[in-house]
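Please keep the sequence and the 3D view side by side as you read.

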Amino acid sequence: MSQNWTPPPAGGGSAPVPNYMVPAIISIFCCWPLAIAAIIFAVQVNNKVQAGDIAGAQEASKKAKMFSFIGIGIGVVLILIYVVMMILGVGLSALSSH
């Protein structure tokens with residue numbers, strides 16, 4: 001009455017799902033509200049892969065990528081605006097002192 005049961009192979013034979021944890025962490029320095037969401041979804045990717053939910057892991061991966069890259073983009077735009085404003089401020093200051 002014994003049954004021969006073999007567990008499914010680890011990984012399910014599909015391509016690994018990227019978790020985008022590094023961009024999520026980098027986005028903390030650019031736009032932290034979006035970075036928190038990116039980190040939460042990046043952590044969910046590994047948990048869902050371990051649970052066998054590949055579709056859920058791929059969805060969490062897409063969201064982690066989206067939130068982290070939007071956060072990095074917002075940070076870069078804000079830095080560029082700051083640099084332009086500083087250059088304009090220094091230029092106007094130099095013009096008004098003459």
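What covers the buried residues of α2? The cover includes α1 (21–26) and α3 (54–96). Here buried means under 20% relative accessible area, exposed over 50%, and partly exposed in between, with a 1.4 Å probe and protein chains only. Helices are DSSP runs of H or I with at least four residues, strands are runs of E with at least two, and both are numbered from the N terminus.

Before going further, a word on the ground rules. This is a predicted model, in which local features need pLDDT of at least 70 and side-chain atom pairs count only at pLDDT 80 or more, while totals for chains, interfaces and linings use all residues. Residues are numbered from 1 along each chain as its sequence is written, and side-chain values use heavy atoms, leaving out hydrogens and water.

Now for the overall plan. The protein chain has three helices and zero strands, and its elements run α-α-α from the N terminus on. Of the 98 residues in the chain, 20% are buried. Taking contact to mean heavy atoms within 4.5 Å, look at the contacts with a separation of 6 or more: 61% of them join residues 24 or more positions apart.

Back to α2, which spans residues 32–51. These 20 residues reach 29 Å from the first C-alpha to the last, close to the 28 Å expected at 1.5 Å a residue; the expected span is 1.5 Å times one less than the number of residues. Buried in this helix are L34, A35, A37, A38, F41, A42 and V45. They lie on the same side of α2 because they cover an arc of only 160 degrees around the axis, where the arc is that of the directions from the helix axis to the C-beta atoms. An α-helix has 3.6 residues a turn, so residues three or four places apart point the same way. The face turned away from the buried side of α2 carries the exposed residues W32, Q50 and A51. Just after the helix, G52 takes a positive phi of about 90 degrees.

Next, step back to the loop between α1 and α2, where you will find S27. With 0% relative accessibility, S27 counts as buried. Leaving aside neighbours within four places in sequence, S27 is in contact with W32, A35, S68 and I72.

I72 counts as partly exposed because its relative accessibility is 21%. Beyond four places in sequence, I72 is in contact with P23, I26, S27 and C30. The C-alpha atoms of I72 and L34 are separated by 9.0 Å, although the two residues are 38 apart along the chain.

Also in α3 is I74, partly exposed at 34% relative accessibility. Not counting residues up to four places away, I74 touches C31 and L34. I74 and C30 are 44 residues apart in sequence and 6.9 Å apart in space, C-alpha to C-alpha.

Finally, the surface. The protein chain exposes about 7200 Å², with carbon and sulfur atoms supplying 72% of it; accessible areas come from the Shrake-Rupley method with a 1.4 Å probe, and for residues only the protein chains shown count as cover.
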